[in-house]
Amino acid sequence: MLKSKWFKTVGTLALAGVLAASVAVGSVSAGLAKGSKFLGNIIANQVPNNFSPYWNQVTPENSTKWGAVEGTRNVMNWGQADMAYNYAKNNKMPFKFHTLVWGNQAPNWMNGLSATDQRNEVIQWIRAAGQRYSQSEFVDVVNEPLHAKPAFHNAIGGDGQTGWDWVIWSFQQARQAFPNSKLLINEYGIIGDPAKADRYIQIINLLKNRGLVDGIGIQAHYFNMDNVSVNTMNTVLNKLQATGLPVYVSELDMTGDDNTQLQRYQQKFPVLWKHPAVKGVTLWGYNENQTWTSGSHLVRSNGTERPAMQWLKTYLANNP
């Protein structure tokens, strides 16, 4: 039996007052996207003062990853996660918890534990996240299963009979902890590789057949997007659509000088935005010197917009 555990919480917000403690910013009609699909972005260590004019969905960049929250065992640091969650809730923007189970950015102290203790710690982490952020619209349950299998995966089911028992177990736990949220799987390398998309769909179907997954996340970072063809993009999106599940573009960025980035957005963003299976798009940063890779920003440090952002504003105004 799993023993209960008391957590020391770091930060100024008590759980009961998470929503009440934050001051509302912006407006309900925030963002460039005005139709049924959202266009979101990440929030890192503070909310950018130019967030609401552009975006209407929130994903924390790092603050809801397990290693960021519980870097020291039993010491939970929710401060920055609360900030992003409060901002989303107060502005009526969908919030995605990113992520519960991932082979990267897990706490280092997990490595020295027994398999039983590892399993119990994962359960406690998922339950703690679900209790605190129970009104998250979306949850990335497992991140990058094809590329970043957790070191502790054998403790939570291993490959098992399906080849992906640890993924199934993670979604079972998340379904209990987040009964009000849509559960997503998330992976990179999919948009430019139909064969990898087929492997991804094998996992998705295992989850779908058990009623455990509500949507498909596909990262769309520059290393996949910059040079992918429109034909390949459509092939992959059609494969994902055939599962019957909605698709969420979870981590979009494209790089290049002003003209190159503009051309890439003009050619490829409409493929994502117009596809009927895609229900939302989240970019992975937009302000200069605040993105994880150089050349992907859309707004310069002086506040002026790069051509790709200027085009994006016009495109979304005409394609709600």
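Buried means under 20% relative accessible area, exposed means over 50%, and partly exposed lies in between. Gly295, at 22% relative accessibility, therefore counts as partly exposed. The model described here is predicted.

**Nonpolar core**
- The largest nonpolar core has 94 residues.
- Leu39, Leu100, Phe171, Ile218, Leu252 and Phe269 are the residues with the most contacts inside this core.
- Beyond four places in sequence, Ile218 touches residues that include Asn186, Glu187, Ile190 and Ile191.
- Tyr200, Leu237 and Leu240 are also among the residues touched by Ile218, as are Val247, Tyr248, Val249, Ser250 and Glu251.

**Helix α2**
- Helix α2 spans residues 79-90, which makes 12 residues.
- From its first C-alpha to its last, α2 reaches 16 Å, close to the 16 Å expected at 1.5 Å a residue.
- The buried residues of α2 are Ala81, Asp82, Ala84, Tyr85, Asn86, Tyr87, Ala88 and Lys89.
- The cover over these buried residues includes β2 (38-43), β3 (58-60) and α3 (115-132).

**Aromatic pairs and cluster**
- The structure holds 29 aromatic pairs.
- In one of them, Tyr188 and Phe223 have ring centres 5.9 Å apart and planes at 90°, so the pair is edge-to-face.
- This pair links distant parts of the chain, 35 residues apart: Tyr188 is in the loop between β7 (182-187) and α5 (194-208), and Phe223 is in helix α6 (residues 222-225).
- Both partners are partly exposed, Tyr188 with a relative accessible area of 23% and Phe223 with 42%.
- Phe269 and Trp273 form a stacked pair, 5.7 Å centre to centre with 20° between the planes.
- Helix α8 (residues 258-274) holds both Phe269 and Trp273, which are 4 residues apart, about one turn of the helix.
- An α-helix has 3.6 residues a turn, so residues three or four places apart point the same way.
- Phe269 is buried, with a relative accessible area of 0%, and Trp273 counts as buried at 4%.
- One aromatic cluster is formed by Trp66, Trp78, Tyr85, Phe95, Phe97, Trp109, Trp125, Tyr133, Phe152 and Phe178.
- Tyr85 of this cluster is also one of the buried residues of α2.

**Charges over rings**
- The charged end of Lys37 sits over the ring of Trp273, 6.0 Å from the ring centre.
- The ring of Trp164 has the charged end of Lys149 over it, 5.8 Å from its centre.

**Loop between β10 and α9**
- Thr291 lies in the loop between β10 (278-283) and α9 (307-318), and Gly295 has its place in the loop between β10 and α9 as well.
- Thr291 counts as buried because its relative accessibility is 18%, under the 20% limit.
- The Thr291 side chain reaches the backbone oxygen of Thr293 at 2.9 Å.
- A polar contact of 3.2 Å joins the side chains of Thr291 and Ser296.
- Apart from neighbours within four places in sequence, Thr291 contacts Gly285, Tyr286, Ser296 and His297.
- Gly295 and Asp258 are 37 residues apart in sequence, and their C-alpha atoms are 8.8 Å apart in space.
- With neighbours within four places left aside, the contacts of Gly295 are Met254, Thr255, Gly256, Gln261 and Arg306.

Note on methods:
Residues numbered from 1 in each chain as written. Predicted model: local features only at pLDDT ≥ 70, side-chain atom pairs only at ≥ 80, totals over all residues. Heavy atoms only, no water. Core = buried A, V, L, I, M, F, W, Y, C linked by side-chain atoms within 4.5 Å. Buried < 20%, exposed > 50% of the residue type's maximum accessible area, 1.4 Å probe, protein only. Contact = heavy atoms within 4.5 Å. Helix = DSSP H or I, 4+ residues; strand = E, 2+ residues; numbered from the N terminus. Expected span 1.5 Å × (residues − 1). Polar contact = N/O pair within 3.5 Å; in protein donor to acceptor, adjacent residues only side chain to side chain. Phe/Tyr/Trp six-rings, centres within 6.5 Å; stacked < 30°, edge-to-face > 60°. Lys NZ or Arg CZ within 6 Å of the ring centre and 35° of its normal.
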